[in-house]
Amino acid sequence: DEFEWFNVGFSPGKAQMSVHVMYDINEEVDLLEQLGPHKTGRGCLYIKKLEDVNMEILKKLIRKSHKW
């Protein structure tokens with residue numbers, strides 16, 4: 001069977017926004033160090049305030065998920 005699945009997902013929440021990607025985001029050590037305040041799961045990035053993170057770095061992390 002074949003089905004479609006998202007490459008990147010966004011989930012707003014009261015405490016934080018979740019960005020779901022299709023790869024282990026923890027492998028992106030250099031980019032995560034430049035991002036700003038965040039937490040990670042295996043395929044998730046948790047951000048409390050978008051204005052606190054480097055948007056260009058966030059875009060790079062999101063683009064990496066698109067290749068999947």
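**Entry 1: the model.** I note at the outset that this is a predicted model.

**Entry 2: the position of S65.** I located S65 in helix α2, which runs over residues 55–66.

**Entry 3: the surroundings of S65.** I looked up which residues S65 is in contact with, leaving aside neighbours within four places in sequence. They are N7, V8, V21, M22 and Y23. With N7 there is also a polar contact: the side chain of S65 reaches the backbone oxygen of N7 at 2.4 Å.

**Entry 4: the length of α2.** I checked the span of the helix against expectation. The 12 residues of α2, at 1.5 Å a residue, should span 16 Å, and the end C-alpha atoms lie 17 Å apart, so the two agree.

Entry 5: I listed the buried residues of α2 and found I57, L58, L61 and S65. They lie on the same side of α2, because they cover an arc of only 105° around the axis. In general, an α-helix has 3.6 residues a turn, so residues three or four places apart point the same way. On the face turned away from the buried side I found the exposed residues R63 and H66.

**Entry 6: packing and the helix start.** I recorded that the buried residues of α2 pack against β1 (8–11), β2 (17–21), α1 (29–35) and β4 (44–47). At the start of α2, I found a side-chain oxygen of N54 reaching to within 3.0 Å of the backbone nitrogen of E56.

Key. Residues are numbered from 1 along each chain as its sequence is written. This is a predicted model: local features need pLDDT of at least 70, side-chain atom pairs count only at pLDDT 80 or more; totals for chains, interfaces and linings use all residues. Side-chain values use heavy atoms; hydrogens and water are left out. Helices (H or I, at least four residues) and strands (E, at least two) are DSSP runs, numbered from the N terminus. A polar contact is a pair of N or O atoms within 3.5 Å; within protein, one must be able to donate a hydrogen and the other to accept it, and residues adjacent in sequence count only if both atoms are side-chain atoms. Contact means heavy atoms within 4.5 Å. The expected span of a helix is 1.5 Å times one less than its number of residues. Buried means under 20% relative accessible area, exposed over 50%, partly exposed in between (1.4 Å probe, protein chains only). The arc is that of the directions from the helix axis to the C-beta atoms.
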